[in-house]
Amino acid sequence: MTVLFLNSSSDLYGSSRILIEVVKIYKNAGLTPVVVMSESGPLQSHLTDLGVIVRIQNLGILRRKYVSPSGVVNRLVKNFKAYRFLDQLHREFKFDLVYSNTLAVVVGAQWAKWNNLPHCWHIHEMLLGSSPLVKLLTRMLDNTTPAPIVVSEAVKKLWEKRLTKSTPRVIHNGLPYDNFLNAPEISLQKLSIPENSLIITMVGRINPGKGQLFFLQLAKEILASYPHCHFVLIGDPYPGYESIAIEIENFITENKLEKQVSNLGFREDVASILKITDIFVLPSILPDSLPTVILEAMASGCPVVATRSGGAEEMVLDGKTGYLIPINELDQGVNALIKLILEPELREAFGKAGRNRVLENFSLESFKTNIENHLWQQLRKN
């Protein structure tokens with residue numbers, strides 16, 4: 001059997017890293033994966049090294065920047081070309097299943113229906129409201145995907161209220177944690193961070209929902225009283241959100257935080273940076289389904305401060321592995337950080353508890369079993 005995988009990006013952030021694990025599971029189950037993505041990038045190289053067939057074709061990925069009449073026309077043209085490309089690819093590989101990773105990929109669902117193929121949609125997003133886009137995606141899910149995978153109970157709760165035919169199934173993300181459990185420490189000198197700094201880190205691709213500017217507001221407040229702290233930002237912008245990256249740099253400069261905030265951009269050594277991190281923060285300001293970076297931080301032994309923005313509430317145990325704070329609540333965020341800054345024993349206890357929780361409740365083994373069971377269920381139904 002041959003499976004067509006469609007992915008929304010070629011980066012190595014959360015949903016793409018989950019895709020790698022899914023592709024491995026399918027491959028180990030004896031299926032042949034063929035992955036299509038819109039552009040070349042590190043994900044392509046990673047999959048090619050695994051012996052996976054990868055093709056590049058613009059898939060008409062949905063982004064906020066296309067929410068305009070001209071943007072809609074642009075996406076329709078790209079989708080039409082993508083349909084023709086998939087037709088040609090189908091003649092070559094004769095697919096048995098189509099797997100769309102994230103709701104940003106819409107071309108696969110309808111193409112699978114036209115070709116009488118089973119379709120799996122792996123939903124990583126929490127889209128609020130009842131916009132025309134949400135209504136369109138709801139109809140497509142109901143008409144093409146009987147059992148979409150959702151990454152958290154928060155995502156399930158949001159989508160099952162809208163769907164009338166499809167039944168979402170929760171499969172929590174799981175990752176290979178060895179790299180985070182055993183990462184070598186990176187030297188502070190290499191990162192230009194002063195010795196004896198207490199390091200507070202955020203990792204996340206720059207977009208309107210991740211909350212990098214909220215993180216910097218927290219940094220400004222904390223550094224006024226605790227100058228021995230050093231804040232680290234990791235992540236580059238999604239295409240189209242470069243303006244937020246400029247805002248981040250401007251905030252750092254205007255508030256004279258250059259010596260106490262390191263904005264590192266994209267890094268391949270995240271595990272080593274988390275190894276030297278004292279507190280991890282994920283201050284998402286929009287719904288965040290199940291950010292895998294929290295799992296990585298917990299596996300690294302970091303106490304976590306995160307907003308109550310969705311899936312974080314299913315990972316972080318408030319008062320046991322970290323603290324959960326309301327979205328955009330600066331005072332509560334500052335208070336949570338101060339508790340951890342002042343109590344090294346608490347940081348250590350939360351870190352150990354978080355690592356145990358990840359290994360027990362978000363294991364790669366459990367993820368593999370659930371994904372494989374879901375795979376065979378979908379194929380049997382068809």
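This is a predicted model: local features need pLDDT of at least 70, side-chain atom pairs count only at pLDDT 80 or more; totals for chains, interfaces and linings use all residues.
Buried here means under 20% relative accessible area, exposed means over 50%, and partly exposed lies in between, with a 1.4 Å probe and protein chains only. S5 spans residues 119-123, and five of its five residues are buried. In a regular strand the side chains alternate between the two faces of the sheet.

Strands (E, at least two residues) and helices (H or I, at least four) are DSSP runs numbered from the N terminus. Residues are numbered from 1 along each chain as its sequence is written. Local features require pLDDT of at least 70 and side-chain atom pairs count only at pLDDT 80 or more, while totals for chains, interfaces and linings use all residues, and side-chain values use heavy atoms, with hydrogens and water left out.

## The seven-stranded sheet

S5 belongs to an open sheet of seven strands, in the order S3-S2-S1-S4-S5-S6-S7, with parallel pairing. The edges are formed by strand S3 (53-56) and strand S7 (169-170); each has a single partner strand, so one side of each is left without a neighbour in the sheet. Two strands are taken to pair if DSSP finds at least two bridges between them.

Strand S4 (residues 97-101) pairs with S5 in the parallel sense over four bridges, and Tyr99 stands opposite Cys120 in S5. Strand S2 (residues 32-37) pairs with S3, also in the parallel sense and over four bridges. In that pairing Met37 stands opposite Ile56 in S3.

## Nonpolar cores

A nonpolar core is a set of buried Ala, Val, Leu, Ile, Met, Phe, Trp, Tyr and Cys residues joined through side-chain atoms within 4.5 Å. The largest such core has 113 residues, of which Tyr26, Ile200, Phe280 and Ile294 touch the most other members. Apart from it lies another core of 20 residues, among them Leu4, Val36, Ile61 and Ala104.

Contact means heavy atoms within 4.5 Å. Beyond its neighbours within four places in sequence, Phe280 is in contact with residues including Thr201, Met202, Val203, Val293, Ile294 and Ala297. Met202 is located in strand S8 (residues 198-203) and is buried, with a relative accessible area of 0%. Not counting residues up to four places away in sequence, Met202 touches Phe280, Val281, Leu282 and Pro283, and also Lys210, among others. The C-alpha atoms of Met202 and Pro283 are separated by 8.2 Å, although these residues are 81 apart along the chain.

## The loop between S11 and H11

Asp288 lies in the loop between strand S11 (279-282) and helix H11 (292-299). This residue counts as buried, at 11% relative accessibility. Its side chain makes polar contacts with the side chains of Lys210, at 2.8 Å, and of Ser284, at 2.7 Å. A polar contact is a pair of N or O atoms within 3.5 Å; within protein, one must be able to donate a hydrogen and the other to accept it, and residues adjacent in sequence count only if both atoms are side-chain atoms. With residues up to four places away in sequence not counted, Asp288 touches Met126, Lys210, Leu282, Ser309, Gly310 and Gly311.

Ser289 is in the loop between S11 and H11 and is buried, with a relative accessible area of 7%. The side chain of Ser289 reaches the backbone oxygen of His124 at 2.3 Å.

## Aromatic pairs and charges over rings

Eight aromatic pairs are found in the whole structure. Rings of Phe, Tyr and Trp (its six-membered ring) pair if their centres lie within 6.5 Å; planes under 30 degrees apart count as stacked, over 60 as edge-to-face and the rest as tilted. Tyr13 and Phe266 form an edge-to-face pair, 6.0 Å centre to centre and with 65 degrees between the planes. Tyr13 lies in the loop between strand S1 (2-7) and helix H1 (14-28), and Phe266 in the loop between strand S10 (261-263) and helix H10 (270-275), so the pair ties together parts that are 253 residues apart in sequence. Tyr13 counts as buried at 15% relative accessibility, whereas Phe266 counts as partly exposed at 35%. Ring pairs also link Phe5, Tyr26 and Tyr99 into a cluster.

A charge sits over a ring if NZ of Lys or CZ of Arg is within 6 Å of the ring centre and within 35 degrees of the ring normal. Arg162 lies over the face of Trp159, at 4.6 Å from the ring centre. The charged end of Arg205 sits over the ring of Tyr238, 4.7 Å from its centre.
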